[in-house]
Amino acid sequence: MRIHHLNCGCMCPVGGRFWDGVSRGITGQLVCHCLLVETDRNGLVLVDTGFGSRDVEDPYGRISPLFLHVNRIRLEHRYTALEQVKSLGFSPRDVRHIVLTHLDFDHAGGLEDFPGATVHVLRAEAEEAEVRQGFIHQRRYRPEQWDEVRDWRFYDPSGESWFGFSFVRDLEGLPPEILMVPLPGHTMGHAGIAIDTPEGWLLNAGDAYFHRHEMDEEPSCTPGLLAYQRMMEENRSMRLRNQDRLRALANDPSGNVRIFCSHDPVELEALQRLSTGWRPLRSDYVPSRHYS
Ligand SMILES: [Zn+2]
């Protein structure tokens, strides 16, 4: 099993450090951290898709103007999972499964670039996305991004306990090393995706938190990301409780679980470097380059 850490979306909201804590210019840098997993017998597995080629070609037909402008989404083909899969030497048909943390516009935009893939998501998320009730739901869930998907697998709450998290389960047709970990709060059907690797567990926590320092023993978050999380949350107490549990796990040396979220550029760069064998000298270093 080999894991690639991909950035499938760039967002540059006005406010600089107010959002990401490190940018020196007027705009911040947020990424869409997705995984491409080369499995031994189940083809390629994509964990989240970021923005897709159709988002690039028709942004206003697929994404809410509110988020296009507030998040200042930079839509370019080179950031799509489709282009990155091809540049790694694979065919889009090699992507046989897509596992989603949730169905927000910045995670599901690339689904239709892989028409042969089976898409796995919690049933609660699919139901909320279908109903699209209220101002935020109508803008976060965009049926245009997934209405051509034919092969879904929906999962109800059932399964084992995993490091204190309940209802953790494996997925149909996928290797047992890949688990879905329900983490409701940001949305009610939100999940993390855990992967058992030879180096230890890797947990993609999706949008369960947004800023790396939220996982510190003394947590902190930038004002921009704090406000954004509150605007997008479905259930604050569940969201904060899951953050507490993730934080405890992240700081438990015996757990051996490497946790990351979807939108932090420093976490992405650290894991990209680790996966290519380069180890940073410090765990809190800042990105060395602009994401362009
Ligand atoms: Zn997101």
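This is a predicted model: local features need pLDDT of at least 70, side-chain atom pairs count only at pLDDT 80 or more; totals for chains, interfaces and linings use all residues.

Modeller: Residues are numbered from 1 along each chain as its sequence is written, and side-chain values use heavy atoms, with hydrogens and water left out.

Biologist: Which residues coordinate the zinc ion?

Modeller: Donors are N, O and S atoms within 2.8 Å of the metal (3.2 Å for Na, K and Ca), and water is not among the atoms, so sites may look incomplete. The donor spacing in sequence is D-H-x99-D-x55-H. At 2.1 to 2.3 Å, the coordinating residues are Asp106 (OD), His107 (NE2), Asp207 (OD) and His263 (NE2).

Biologist: What is the arrangement of the 4 donor atoms around the zinc ion?

Modeller: Four donors count as tetrahedral if all angles lie between 85 and 135 degrees; four count as square planar and six as octahedral if opposite donors are over 155 degrees apart and all others between 65 and 115; anything else is irregular. Here the 4 donor atoms subtend angles of 85 to 155 degrees, which makes the arrangement irregular.

Biologist: How many residues apart in sequence are the parts that His107 and Asp207 tie together?

Modeller: Helices (H or I, at least four residues) and strands (E, at least two) are DSSP runs, numbered from the N terminus. Both His107 and Asp207 are buried, where buried means under 20% relative accessible area, exposed over 50% and partly exposed in between (1.4 Å probe, protein chains only). His107 lies in helix α6 (residues 105-108) and Asp207 in the loop between β12 (200-204) and α9 (223-232), so the pair ties together parts whose separation in sequence is 100 residues.

Biologist: Is His102 buried or exposed, and what distance separates its side chain from that of Asp207 in their polar contact?

Modeller: His102 is placed in the loop between β5 and α6 and is buried, with a relative accessible area of 0%. Although 105 residues separate His102 from Asp207 along the chain, their C-alpha atoms are 8.6 Å apart. A polar contact is a pair of N or O atoms within 3.5 Å; within protein, one must be able to donate a hydrogen and the other to accept it, and residues adjacent in sequence count only if both atoms are side-chain atoms. The side chains of His102 and Asp104 form such a contact at 3.1 Å, and those of His102 and Asp207 form one at 3.3 Å.

Biologist: With the side chain of which residue does Thr101 make a polar contact of 2.8 Å?

Modeller: Thr101 also lies in the loop between β5 and α6, and its relative accessible area of 0% makes it buried. Its side chain makes a polar contact of 2.9 Å with that of His102. The contact of 2.8 Å is with the side chain of Asp48.

Biologist: Which residue caps the N-terminal end of α11?

Modeller: Helix α11 (residues 265-275) has buried residues that include Val266, Leu268 and Leu271. Those buried residues pack against β1, β2, β12 and β13 (257-260), contact meaning heavy atoms within 4.5 Å. A side-chain oxygen lies 2.8 Å from the backbone nitrogen of Val266, and the capping residue that carries this oxygen is Asp264.

Biologist: The side chain of which residue is joined to that of His33 by a polar contact?

Modeller: His33 lies in strand β2 and counts as buried at 1% relative accessibility. Residues that His33 touches include Glu267, Leu268 and Leu271. Its polar contact of 2.8 Å is with the side chain of His5.

Biologist: What is the phi of Phe167?

Modeller: Phe167 lies in strand β9 (residues 165-170) and is partly exposed, with a relative accessible area of 42%. Its phi is positive in a residue other than glycine, with a value near 60 degrees.

Notes:
Lists of a residue's contacts leave out its neighbours within four places in sequence.
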